[in-house]
Amino acid sequence: MAVSTRLTAAAQGRKFAFTLGIALAVLGGLSLWRGHTIVPFVLLVPGAVLLVAGLVVPQHLGPIERAWMALGHKLSVVMTPVVMFVLYYGTITTFGLMMRAFGKRPLTENHQPGTAWVDRGKKRQSDLKRQF
């Protein structure tokens with residue numbers, strides 16, 4: 001007997017509802033604990049609705065899950081370049097500017113003053129002749 005790894009519609013809906021419902025409830029609880037007034041209910045009510053729907057009608061949560069995943073995809077299309085921009089200009093560029101400010105130039109440290117030529121010493125006779 002083969003075991004199916006695919007979740008049924010009810011199991012998938014239940015997993016989605018419990019995951020998102022618990023996350024919203026936790027965030028709402030934290031917001032309520034911090035003394036906010038409106039935000040906890042904006043988070044707690046959908047969280048509770050999802051938890052109840054996950055128990056009562058998990059097989060009907062497919063469209064909500066697809067809409068949630070589509071929203072996540074659209075957010076990732078926008079946020080990925082923003083995060084990469086911040087990481088690049090926040091770390092690499094800042095590090096490079098700090099190195100220049102302290103006089104550190106790792107690509108030119110071995111060069112002779114006034115030239116970019118690096119003397120490699122005497123050339124051997126066997127270079128590139130009779131390779132095989």
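Axes here are lines fitted to C-alpha atoms, for helices over the stretch in contact, and angles between N-to-C directions run from 0 to 180 degrees. The model is predicted: local features need pLDDT of at least 70, side-chain atom pairs count only at pLDDT 80 or more, and totals for chains, interfaces and linings use all residues. Residues are numbered from 1 along each chain as its sequence is written, and side-chain values use heavy atoms, with hydrogens and water left out.

**Exercise 1.** State which elements the protein chain has.

Solution. Helices (H or I, at least four residues) and strands (E, at least two) are DSSP runs, numbered from the N terminus. The protein chain has three helices and zero strands. From the N terminus on, the order is α-α-α.

**Exercise 2.** Describe how H1 and H2 pack.

Solution. Helix H1 covers residues 9-33 and helix H2 residues 39-56; their axes lie 7 Å apart, at an angle of about 155°. H1 is therefore roughly antiparallel to H2 (angles over 145 degrees count as such). The contact of H1 with H2 involves 17 nonpolar residues, six polar and one charged. In this scheme Ala, Val, Leu, Ile, Met, Phe, Trp, Tyr, Cys and Pro are nonpolar, Asp, Glu, Lys and Arg charged, and the others, Gly among them, polar.

**Exercise 3.** Find the buried residues of H2 and what they pack against.

Solution. Buried means under 20% relative accessible area (1.4 Å probe, protein chains only). In H2 the buried residues are Pro 40, Gly 47, Leu 50, Ala 53 and Gly 54. These buried residues pack against H1. Across the protein chain, buried residues make up 13% of the 132 residues.

Technical notes. Angles under 35 degrees count as roughly parallel, over 145 as roughly antiparallel, 65 to 115 as roughly perpendicular and the rest as oblique. Buried means under 20% relative accessible area, exposed over 50%, partly exposed in between (1.4 Å probe, protein chains only). Contact means heavy atoms within 4.5 Å.
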